[in-house]
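Subject: Handover of a structure

Dear colleague,

I am passing on the structure below for your attention.

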Amino acid sequence: MGESIHTVTTLPTARQASCPFDPPAELLDARRHGPISRFTHPGGKPGWLITGYDLVRSVLADSRFSSRKELLNVGDFEVPPAPPGEFLLMDEPQHGRYRKPLVGKFTVRRMRLLAERIERITADCLDAMEKAGPSADLVSAFAKPIPTIVICELLGVPYEDRGSFQEQIDTFMGGETSEEGLIAAYTATQQYLAELVAAKRANPTDDVLSELTDSDLTDEELRGISLILLAAGFDTTANMLSLGTFALLQNPAQLAALRAEPSLADRAVEELLRYLTVAKSFMRTALVDVEVGGQTIEAGTTVVLSYNTANRDPERFADPHVLDLSRQDGGHLAFGHGIHQCLGQQLARVEMRVAIPALINRFPTLRLAVPAAEVGLRPETADIYGLKSLPVTWDV
Ligand code: HEM
C-alpha cells in the first residue's frame, strides 16, 4: 500500500485562470489518486494531504488530532502557542473555556436584530451603488462593507473607527503583504482592540464584547477573542459575497432560477458555500500514531485537510463540479466539523441569505464589466480564497 501512495510535492500556489471556482488542478488530481496523499509542507517537513470527504470529516471528529498552534510541524522552526483567547488554535479544555461563553452570545434575539440591521445595511450599500452607477467594484461597494459593519456592531466598534479598522484587517488577511506590512497591520489591530476592550470595561454598551467584560476573562484574552471573531467573521463572509456573485454571474441559468424562485435562497446559500469553500484548508497535528485511510500518520506529523476538495468529492456529491442551487445533498464542510465547527455560521448564513437576493433583485441586468479572465482573483497563498475586485455594470 505504502508503495503506491500518491505524492504531492507541495501546495499549489495558483488556480487555473479558466476555472477560478475550482480547487487547483494538483489538489483535484491528488483526490483522483485517493483520499490521502504523501506531501511535503512548503516549510520542508513531510506531512499528509487529505483530500477526500470522509477522511477529512473523520479527522475533524478525532481528538487524537490537535489544532494547537505550537504543535505545527511544517518546517525547521518553532511555532509559538496561540495567544490567550485565540481558541481556533487550541484544544480542550482551553478551547471550550473560550468558546462556551461565546456560544450563548450568538443568540436568536441578537441574530434577529442583526438580520434587520443587515437588511438596512444592504439596502444602504445598494442605494449608494445605484446613485454612483451604472457600474461599481462589487468588492468595495458591497462584499466588504456588509460583513465589516456586522462584525463591528457585534464587537461594538464605534462607527468612526470602522474605515481604518477595515483597512488593517484587509492588510493582514489579503495574502499579498510583505512580512513587515503584516506585522504592522497585526500590531495596529491588536493595539486598537486593547483600547476597545478598555473602553467597553469603562462604558459597557449592547454588544458581545461588553457582555464578555462581565466574566473572568482578562483583557488580553478578550483581545484575542475579538481578533478571532474579526479575522474569522469578516474576510470569510466578504469573499463568499463577492465570489458567490461572480459564480452566479457565470452561471446565468442558476442566477435566473434564484431570481425567479426566492424560496431557493436558503439552498442556494448552502450550495455556494459548498461550491466555493473559501476557507479552503486547515491543519491538524497527530498527538499519537493514527491510522487514516490505510496509512499510519505518525505522532507529531501535521496534516493538511483540504475542505475544498472534500466538498468536491465525487463519492459524496453527485456532479461535484456543477453549481446546482437546487442540490439536495447537504452536509458540506465549508464551516468545518467537530469542536471547531464555525461559531458564526448562522450569522454568515443570514448575511448571505439577505445580501445576495437583495443585490440580484435590485439590479436585474447586473453583469461583469470586464472579461471574466480579468476579474482580480486572490492568490492561492491567501488563507481565505476570494476576489480582490469584481467590476460590474447594469442598465439604468
Ligand atoms: C461564509 C463565512 C464563513 C466561513 C466559510 C467560515 C468558515 C469557518 C471554518 C471552516 C471554521 C473551522 C476551522 C477549523 O476547522 O479549524 C470556522 C471557525 C470559526 N468561525 Fe467561521 N466562517 C465564516 C463566518 C464566520 C463568522 C461570521 C464568524 C463570527 C462572527 C465566524 C467565527 C468563527 C470562529 C470564532 C471560529 C473558531 C471556532 C472554534 O475554534 O471553536 N465565522 N469558520
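The residues of the shell around the ligand comprise 19 nonpolar, 7 polar and 2 charged; here Ala, Val, Leu, Ile, Met, Phe, Trp, Tyr, Cys and Pro count as nonpolar, Asp, Glu, Lys and Arg as charged, and the others, Gly among them, as polar. This is a predicted model, in which local features need pLDDT of at least 70 and side-chain atom pairs count only at pLDDT 80 or more, while totals for chains, interfaces and linings use all residues. Residues are numbered from 1 along each chain as its sequence is written, and side-chain values use heavy atoms, with hydrogens and water left out.

The ligand and its surroundings

The ligand is surrounded by 28 residues, of which the closest are H95, R99, Y307, H340 and C342; a residue is near a molecule or strand if one of its heavy atoms lies within 4 Å of it. Which protein atom is a donor to the iron atom of the ligand? The single donor from the protein is the SG atom of C342, 2.3 Å away. Donors are N, O and S atoms within 2.8 Å of the metal (3.2 Å for Na, K and Ca), and sites may look incomplete because water is not among the atoms. C342 is placed in the loop between α13 (307-310) and α14 (345-362). Helices (H or I, at least four residues) and strands (E, at least two) are DSSP runs, numbered from the N terminus. With a relative accessible area of 26%, C342 is partly exposed; buried means under 20% relative accessible area, exposed over 50%, and partly exposed in between (1.4 Å probe, protein chains only).

An N or O atom in the side chain of H95 is 2.6 Å from an oxygen atom of the ligand, and a polar side-chain atom of R284 is 2.9 Å from an oxygen atom of the ligand. From the backbone, a polar atom of A232 lies 3.4 Å from a nitrogen atom of the ligand. Two or more residues of the shell are given by each of α3 (94-103), α10 (219-249), β6 (281-286) and α14. The largest share, 6 residues, comes from α10.

Helix α3 and other buried positions

In α3, the residues H95, G96, Y98, R99 and L102 are buried. The buried residues of α3 pack against α9 (208-212) and α10, where contact means heavy atoms within 4.5 Å.

Q190 belongs to helix α8 (residues 179-202). Because its relative accessible area is 15%, Q190 counts as buried. Not counting residues up to four places away in sequence, Q190 touches E86, R223 and L227. With R223 there is also a polar contact between the two side chains, at 3.0 Å. A polar contact is a pair of N or O atoms within 3.5 Å; within protein, one must be able to donate a hydrogen and the other to accept it, and residues adjacent in sequence count only if both atoms are side-chain atoms.

T148 is part of helix α6 (residues 145-155). Its relative accessibility is 5%, so T148 counts as buried. Leaving aside neighbours within four places in sequence, T148 is in contact with Q166 and F234.

Cysteines

How many disulfides does a search of the whole structure find? The search finds 0, a disulfide being a pair of cysteine sulfur atoms within 2.5 Å. C152, for example, is in no disulfide, and its nearest cysteine sulfur, that of C125, is 13 Å away. C152 counts as buried, at 0% relative accessibility.

Backbone features

Most residues other than glycine have a negative phi, and most peptide bonds are trans.

- The peptide bond from E92 to P93 is cis, with omega near 0 degrees; P93 is in the loop between β4 (65-66) and α3.
- G133 and P134 are joined by a cis peptide bond with omega of about 20 degrees; P134 is in the loop between α4 (108-132) and β5 (135-137).
- T277, a residue other than glycine, has a positive phi near 35 degrees. T277 lies in the loop between α12 (265-276) and β6 and is buried, at 1% relative accessibility.
- D319, also a residue other than glycine, has a positive phi near 40 degrees. D319 is in the loop between α13 and α14 and counts as exposed, at 57% relative accessibility.

With kind regards
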